[in-house]
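Let's take a walk through this model, helix by helix. Have the viewer open and follow along.

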Amino acid sequence: MLTAGTRSSKVLLGLPILAILLAAYIYPIAGTDPITTARFGGFVAGTLTTLLPFVGVLLGYGAVVTERESGALRLSLSLPNSRRDVVLGKFLGRAGLLVGALLVALAGAGALVVYPFGELVAERFLIFVLLTVVFTSIWCGLGLATSLVVSTRRRALVLAFTLVFLFAIVWDAVETALRLGLQSAGIIDGPLPAVVQFAIGLEPGHAFQRAVSGFVVPTGAAADPGTSASGWR
């Protein structure tokens, strides 16, 4: 069972806390006026898009398969617990720890951004917090899913990092390669078809960044350092 007291979980939970607080410390210095909590969401979104997938899958990948290997899973299922209860409990335990750490970090970040000359845009900042929680939960769920579909902890780890590598690191390259391949084959002579672009945009990081751009960052706001108008990756 994962506990908040283990050294590895402390390190994993500390990484996003440190990254968010550091970004909040830098943003009032490196960002462009006006300094607001809404625009901070756009400033830190790229960092979270890269970091949270790693943390989420590392917290989740061993949730079930470790107990399956040790035989503890049979004991859990022999108690008045259904398989759904076990899986839901594992998910809530791991996602809850990470979400709790993020909420603390984002509360501290909001204070750093506002004090002494920043502005609190409460509604947009709360939307950013909600989007971050959803994005985090998705990656914790993907990590847990790898633990359900393989029989060993090592295979779960390999599968988890394969998902991170594909979605969080090389997804843009996959999109570019697909477009160039279809153009070379004469199937298309411009952008990818809308339905393909929609499917590619369902990747969690792309969806998170577009949601932040659309619902958090004020319309027409200039991009802060480290971001761009069309996306952060």
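Is Gly14 buried or exposed, or partly exposed? With a relative accessible area of 28%, Gly14 counts as partly exposed, a class that sits between buried (under 20% relative accessible area) and exposed (over 50%), using a 1.4 Å probe and protein chains only. Gly14 belongs to helix H1. Its C-alpha atom is 9.4 Å from that of Ala105, which is 91 residues away along the chain.

Before going further, some ground rules. This is a predicted model, where local features need pLDDT of at least 70 and side-chain atom pairs count only at pLDDT 80 or more, while totals for chains, interfaces and linings use all residues. Residues are numbered from 1 along each chain as its sequence is written, and side-chain values use heavy atoms, with hydrogens and water left out.

Now the overall picture. The chain has ten helices and zero strands, where helices are DSSP runs of H or I with at least four residues, strands are runs of E with at least two, and numbering starts at the N terminus. Read from the N terminus, the elements go α-α-α-α-α-α-α-α-α-α. The chain has 233 residues, and 41% of them count as buried. If you take contacts (heavy atoms within 4.5 Å) between residues at least 6 apart in sequence, 77% of them join residues at least 24 apart.

Start the helix tour with H1 (residues 7-30) and H2 (residues 37-60), which pack at an angle of about 170° with axes 10 Å apart. Those axes are lines fitted to C-alpha atoms, for helices over the stretch in contact, and the angles run from 0 to 180 degrees between N-to-C directions. That angle makes H1 roughly antiparallel to H2; the naming scheme is roughly parallel under 35 degrees, roughly antiparallel over 145, roughly perpendicular from 65 to 115, and oblique for the rest. On the H1 side, the contact includes Leu12, Leu13, Pro16, Ile20 and Tyr27, and on the H2 side it includes Phe40, Phe43, Val44, Leu48 and Leu51. Sorted by class, this contact has 19 nonpolar residues, one polar and one charged. Here Ala, Val, Leu, Ile, Met, Phe, Trp, Tyr, Cys and Pro count as nonpolar, Asp, Glu, Lys and Arg as charged, and the others, Gly among them, as polar.

The loop between H1 and H2 holds Pro34. A cis peptide bond links Asp33 to Pro34, with omega about 0°.

H2 also packs against H6 (residues 122-149). Their axes are 8 Å apart at an angle of about 15°, and that makes H2 roughly parallel to H6. The crossing of H2 and H6 is right-handed, a label used if the near helix is turned clockwise from the far one by less than a right angle, with anticlockwise giving left-handed. Among the residues making the contact are Phe40, Gly41, Val44, Leu48 and Gly56 of H2, and Phe125, Phe128, Trp139, Cys140 and Gly143 of H6. The contact of H2 with H6 divides into 13 nonpolar, nine polar and one charged.

What about H5 (residues 83-114)? The axes of H5 and H6 come within 9 Å and cross at roughly 150°, so these two helices are roughly antiparallel to each other. H5 passes H6 in a right-handed crossing. Contributors include Lys90, Phe91, Arg94, Leu98 and Leu102 from H5, along with Phe125, Phe128, Val129, Thr136 and Cys140 from H6. The class count is 15 nonpolar, five polar and two charged residues.

Finally, follow H6 to Thr146. Thr146 counts as buried because its relative accessibility is 1%. Apart from neighbours within four places in sequence, Thr146 contacts Tyr61, Ala156, Leu159, Ala160 and Leu163. Ser151 is in the loop between H6 and helix H7 (153-169). Ser151 is partly exposed, at 39% relative accessible area. The side chains of Ser151 and Arg155 are joined by a polar contact of 3.3 Å, meaning a pair of N or O atoms within 3.5 Å; within protein, one must be able to donate a hydrogen and the other to accept it, and residues adjacent in sequence count only if both atoms are side-chain atoms. The C-alpha atoms of Ser151 and Arg68 are 7.6 Å apart, with 83 residues separating the two along the chain.
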